[in-house]
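Hi everyone, thanks for making time this morning. I'd like to walk you through one model, so let's get it up on the screen.

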Amino acid sequence: MDNYIAGLFDLSNKVVVITGANGQLGRELVMAYTNAGSIVIGWDLSLPKIEVDNVKYIQVDVSKKEGVIHALEESLKINNKIDVFINNAGVSTFEPFEQRPEEKIDWVMDVNLKGTLFCIQGIVNLVDKLHIPPPNIINIGSFYGVISPDFRIYEDGDRKNSEIYGATKAGVIQMTKYFAVHLAERNIRVNAVSPGGIYNPSSPQSEEFVTKYSFRCPMKRMANVEEITGAILYLSSRAASYTTGQNIIIDGGMSCW
Ligand SMILES: NC(=O)c1ccc[n+]([C@@H]2O[C@H](COP(=O)([O-])OP(=O)(O)OC[C@H]3O[C@@H](n4cnc5c(N)ncnc54)[C@H](O)[C@@H]3O)[C@@H](O)[C@H]2O)c1
């Protein structure tokens, strides 16, 4: 029985690429996969100052197609395969909607939507060209790709969640379904995980925001970052071998009402 469960969730020696690996969720994912015995390749704009054992980092801007292709080729040099590819890099913009400049709108679209698309396109083309094993793709969406923010939470704060962020995350969730269908015959599974608000101890949200958010959330609190990783590990394992095109929302029930 022990072996059955261990085998189902075994991620040892899997090559896992994580974009946005130097951010809050990215760092937690790097830790989770190295802990599971995976070979981790972290992509980010800026790399950690301290090297992490068993992790190779590649500096790349996912919104630039040529850079993505180069980073994919570099990643493949490590073990000639990518078993799991996690599109985690994401950005948002927070000024009031009425004053949102076009450059900010382009930036959020370029990173969240085009970045995800370039990574999927690049990896699929390499699978076709080099006949490498099919990767398992996981896109990080957001509960704001499914529901609107309740602006009463954000009333006095300066981190009002933007329409363009939500629109790009809705796009990521839709792309997940599109590619799940389009890539199924290549044996590539594509799923999404959509977190709710994650508490950030190293750059904490204001006490007032946390109180308002908690009041609005059925589970009465924000997520801790380690509560997001389980679903991502599950989707990348054999336990999810018949799961594709799904979006697992991890938001303490916030999107249920
Ligand atoms: N934190 C939350 O409450 C929350 C909630 C829902 C969804 N999400 C999503 O989770 C993912 C991770 O978020 P996070 O909270 O860790 O954010 P974060 O800002 O801490 O980390 C994002 C990382 O992405 C990197 N990045 C940004 N632009 C990039 C680019 N062009 N190319 C490569 N890397 C780039 C950044 O350098 C950063 O290290 C994002 O997609 C985000 O939208 C976060």
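Let's start at the second largest pocket, which has 19 lining residues. If you want to find the middle of that pocket, look for Pro-134, Asn-136, Asn-187, Arg-189 and Ser-241, the ones that lie nearest its centre. The space inside comes to about 450 Å³. What is the lining made of, in terms of nonpolar, polar and charged residues? Seven are nonpolar, seven are polar and five are charged. Please keep in mind throughout that this is a predicted model.

Is Ser-194 buried or exposed? Its relative accessibility is 0%, so Ser-194 counts as buried; the cut-off for that word is under 20%. The side chain of Ser-194 has a polar partner there: a contact of 2.7 Å joins it to the side chain of Asn-247. Beyond its neighbours within four places in sequence, Ser-194 also touches several other residues. Among them are Gly-141, Ser-142 and Phe-143, then Ile-173, and then Ile-248, Ile-249 and Ile-250, which follow Asn-247.

Let's zoom out to the whole protein. There are seven helices and seven strands, and from the N terminus the order reads α-β-α-β-β-α-β-α-β-α-β-α-α-β. Of the contacts between residues at least 6 apart in sequence, 71% join residues at least 24 apart. Buried residues account for 48% of the 257 in the protein.

And the overall dimensions? Along the principal axes, the C-alpha atoms fill a box of roughly 50 × 45 × 40 Å. Why does the radius of gyration agree with a compact globule? Because a compact globule of 257 residues would have a value near 18 Å, and the protein has 18 Å.

That's my tour, and I'm happy to go back to any of these views.

How values were computed. Residues are numbered from 1 along each chain as its sequence is written. This is a predicted model: local features need pLDDT of at least 70, side-chain atom pairs count only at pLDDT 80 or more; totals for chains, interfaces and linings use all residues. Side-chain values use heavy atoms; hydrogens and water are left out. Buried means under 20% relative accessible area, exposed over 50%, partly exposed in between (1.4 Å probe, protein chains only). A polar contact is a pair of N or O atoms within 3.5 Å; within protein, one must be able to donate a hydrogen and the other to accept it, and residues adjacent in sequence count only if both atoms are side-chain atoms. Contact means heavy atoms within 4.5 Å. Helices (H or I, at least four residues) and strands (E, at least two) are DSSP runs, numbered from the N terminus. The radius of gyration is taken over C-alpha atoms; the globule rule is 2.2 Å times the number of residues to the power 0.38. On a 1 Å grid over the protein atoms alone, a cavity is a set of points where a 1.4 Å probe fits but cannot get out, and a pocket is an open set with protein on both sides within 12 Å along at least five of seven lines; lining residues have an atom within 4 Å of a point. Grid points are joined across faces, edges and corners, and a volume is the space filled by probe spheres set on the points. Ala, Val, Leu, Ile, Met, Phe, Trp, Tyr, Cys and Pro count as nonpolar, Asp, Glu, Lys and Arg as charged, and the others, Gly among them, as polar.
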